[in-house]
Amino acid sequence: MFPTIPPPAIVHSIPHNISNSKSPSEIGIFSITPKSIDEKQIALSPSARDQEQEPSGANAQSSVKSDAKLLGQPLSIDLQDIEFLVTEPPSVHIPATQPEIVPKVVPESLGSEKASSVEPVTVAPTGSEKASPVEPVTVAPTGSGNSATLPTSDAKIQTPEPNLSPIAQVPEGFTVFPVGINIGGRNVNEGVSVRGQENSSKALDLEHWLLPYDAVVQALKLSTKVLPDNQIELRSPSLAVRIDPAKLHTDPKLGLVFSVGEVRSLFGVQVEFDLKEYAIVFDAPWLTAPGQSSSLEEAPVQLEGLPRIASPDISLAAIQQGVSVSGADSTPTAFRGDLTAVGSILGGSWFVRADQPKLFSSNSWRITDALFQRQTDANDYFVGTQPPFWQNLSPNDYVGFTFIQRQGYTPPPQFYGESDPRQRLQAAQVGRTVSGQAEPGTLVRLVKGFSDRIIAETLVDSSGVYRFENLKLETPALGGYYQVFLYPKGQLTAQPEIRDATFSNSAGQLPAGASALIVSGGVNRDYSKQDNNSLFGDFSTFRGGIAQRWGVSNSVTLGAGTVYDRSLRGLAELFWQPENVPFKAAVSVLSGSDNSAWDINADVSYDPSQNFSARFTHDRFSSRLDAYWQLAKGITLLGNTNSNDATSGGIQLNFSGRDSFTFARLTFDTKSHLRWNLIQRLGKLELNSIGNEISSQSALSFYLGKHSNFTTGHSFVLGYDTYNQNSNDDLVNLAWRYRSKERSIDGTLLWEAQLGYGIGSRGSGVLASVGTTIIPGVMLRARYQGVSVTTGESTFGIELVSGLNLQGGITPGDRHANYLRTQGGILVQPFFDRNNNGQRDAGEEFYTDPNLVTINNQMVQAARAQVDRDRILVRLLPNTYRLDLDAAGLPPDWQAATSAYAVKVVAGSYTPVLVPLIPAYSLSGIVTDSHGTPLSGVRVEAIQVGSDVDSGQRLLSVTNDAGVYFIEHLRQSSYTLQVNGKSIQPSAIKLTETSPPFQELNLKSEKANRN
């Protein structure tokens, strides 16, 4: 069991429209929901917004609404009372009983000369009687280059005494005026009042500007919670900050505030003022898009304390049926099928594929694939059809059990349903050294791909050499492309020189100190015999082996093992990538025997520059050597030799202009074989031609659209095909073609069609084809040829592929069920829980706005989510993910019953997450004394009662100068009302399914005093 987080503990906002209220419409109110807070701990002095205050700056009114509402009272915090939670990344399982280490960290940016040391503290999680021992953790304080070790300790925390002081006054000349709030380039708040100063050209003393507490919390999407010790916790998906409410401060006009300096220090957020947009701009790491973060490391995802959603123990996730129909004038119509099914069991995936050579004759069906695989970062288990790890054979030839144990590395992710154990013996990342030369004083940054995410940076010293050592970088084959940015004289505003990072890794290479053990055993299988009616084929000889790989260094990986394959054979492997040398080699040797020859596989490459590369490969079939030499931009010479074929040479051209593009490749070999590939685009014309000594295909296309879009729209196509195997045949055809701009979820065209007529050496006839994916879960393609380049007979073919998802009901699939062999996903089903019973009843509609859901701090659109009427499907690799419900995606007057979950995903199935959306009620009015005088600064509490809820949970608001209170996020329940802890009239309110979302209720208190 895992502890759950109660509903958000702080409610921040103000009604956008209080048309029925007797109070002014522009008011500032702070709302908080502590379980118990001593009224002596909070001293608030909220007041109504200054209606006469005019914006400062010439552009103020042009960018924000003049009637912008004050979102709430601001919060000022003494930094010495802040606690930063040290958490682990989501891939590490954190038991519910494991304590958190909460060091006191003093940021450097506000007045301290140096970050104070970090003192350890052990905090028992919710529901724990006693904290478990904590292993030492190394934490670097903000801005410090050194690290501190946090030993196991149950001692009370020692609060450092920084040279900091709370905000007591504001600089002279500061006024209150409205601005917008942007997250990066996106506006999230059109108008909010702040206190500051600008001179029409820049912000003055931005560090001390005051920002409303509610506006900051909402913009940064911070969840709030009041802890048992009355500390207020503000939490993002990657950071948690705890604040002592006794240290809260107010601004006389804005109420509770953050200063810009505090926002920067507390949350690690960059804050700027954009005068052109007239907006405060936040750059929050957990809110920026992938690849746009400027931090040196990705922000961790916090899972502690979230309610846990387990993956299914056993499931049938999807089935897919493919059918192909073909026929000709002289041959009968043939029906062939391919049936697949996939699901999960025992924390892994199971997959079955059946070949149906005669669709309507079950005796002809064969099980071609049947595999259970459970893959983790440390171990893998394969049971069923699979390729043996020592040879490149079809997985259908071997049925057995394989176990892999890894130490010190993580294998590459598998996105497309691969089931080859050999791929799990290589590392996704290998420690490499990236180095080079640059002028002393140059700032050098290592950046991944074309993004701005910084991997590492250094300043070049007098040696003129930069070096990044032991970096865990992905291999280029797995998308690991890196660049080096060099900023002259350390100036980030200067145009950087950009270089490609010079490193590479051999396939199969492991980091230094890492190792992998693989054990496998099974039997041969033959299912190809036509007279065999066995569904699983014939099983025969035993085969098996054991092998180990070691990362001797970051340059060398060695492997050795023993294999039994008709006889006992030895296995040796070498993977070598020297540091700073453009050479890499991968060699595998399987010794010979009386029944088998030596089997040597080699892949050796040498890339001394971007203009030249050579590669040698060898297997039991042949040896091959390929070379590429770029003579000039767009001109490359090619060379190839094959021990079982001819030696060839050629040229490749690649040029592009504003309205033209040319790609041409031409080779000629020692057997007088000419081979070519040409793509030429000019305006709305496109010429494609490919051919060799056997056949050729050429097509000239003219696109009819306004723009030269060569992939979609209408076009006319003139084609010419040849075939020279046994005779000289040709075919000329003219056709109309259409390709739709719209595509299905998997990228397939929604519509494509072609209609034409062909004339050739074999005759003439109509040529037609059509394809569509307009029916969800179904792909249909049909083709008719009245003539072809090889026959004068009429032929036709129909291909139909349909898929169904079987979790949470039967729905159309995406026709890629095999991807679930190595992937899983999350099935999110938000619904309107109108009666607030936590279950979906008849008549309660689904709400599938993709803006509602974020996974590991990313919007689901980034993961190509499939959004249907009743679900949001997101395919993910096995792991535990944080699923957040973004309030910005909620419909008005609704709230999520639980705002965040920790969801376990396993390969083979989607983890269902049923998300109740419950009605959200707001309560507002004026608190007066017995004489009808409004009471300001008094605490109004709504205490939820009933046996089915936590009776200690409270919703709280503090009245402003007009005596107005405002409480939101109320649920369907009964509430007791109190002012400063004393009963009032009326003393209770009950909210039901029929209650309006906004309640106006004036309160009278005879005993409450003004604060």
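By salt bridge I mean a side-chain nitrogen of Lys or Arg within 4 Å of a carboxyl oxygen of Asp or Glu. Strands here are DSSP runs of E with at least two residues, numbered from the N terminus.

A word on the basis of these values. The model is predicted, so local features need pLDDT of at least 70 and side-chain atom pairs count only at pLDDT 80 or more, while totals for chains, interfaces and linings use all residues. Residues are numbered from 1 along each chain as its sequence is written, and side-chain values use heavy atoms, with hydrogens and water left out.

The classes are buried for under 20% relative accessible area, exposed for over 50%, and partly exposed in between, with a 1.4 Å probe and protein chains only.

A second salt bridge joins the side chains of Arg-681 and Glu-686, at 2.7 Å from N to O. Here Arg-681 is partly exposed, at 27%, whereas Glu-686 is buried, at 5%.

Salt bridges with shared partners also join Asp-338, Arg-353 and Asp-369 into one network. Within it, the closest N and O atoms of Arg-353 and Asp-369 are 3.1 Å apart. These two residues are 16 apart in the chain, with Arg-353 in strand β20 (residues 348–356) and Asp-369 in strand β21 (residues 366–375). Arg-353 is partly exposed, with a relative accessible area of 22%, and Asp-369 is buried, at 8%. How many salt bridges does the rule give? The count comes to 21.

I turn now to a sheet. Five strands form an open sheet with mixed pairing, in the order β54-β55-β51-β59-β57. Because β54 (866–867) and β57 (894–896) stand at the edges with a single partner strand each, one side of each is left without a neighbour in the sheet. Two strands count as paired if DSSP finds at least two bridges between them.

In which sense do β51 and β59 pair? Strand β51 (residues 824–832) and strand β59 (residues 910–919) pair in the parallel sense, over 8 bridges. Gly-825 stands opposite Tyr-910 in β59.

Technical notes:
Helix = DSSP H or I, 4+ residues; strand = E, 2+ residues; numbered from the N terminus.
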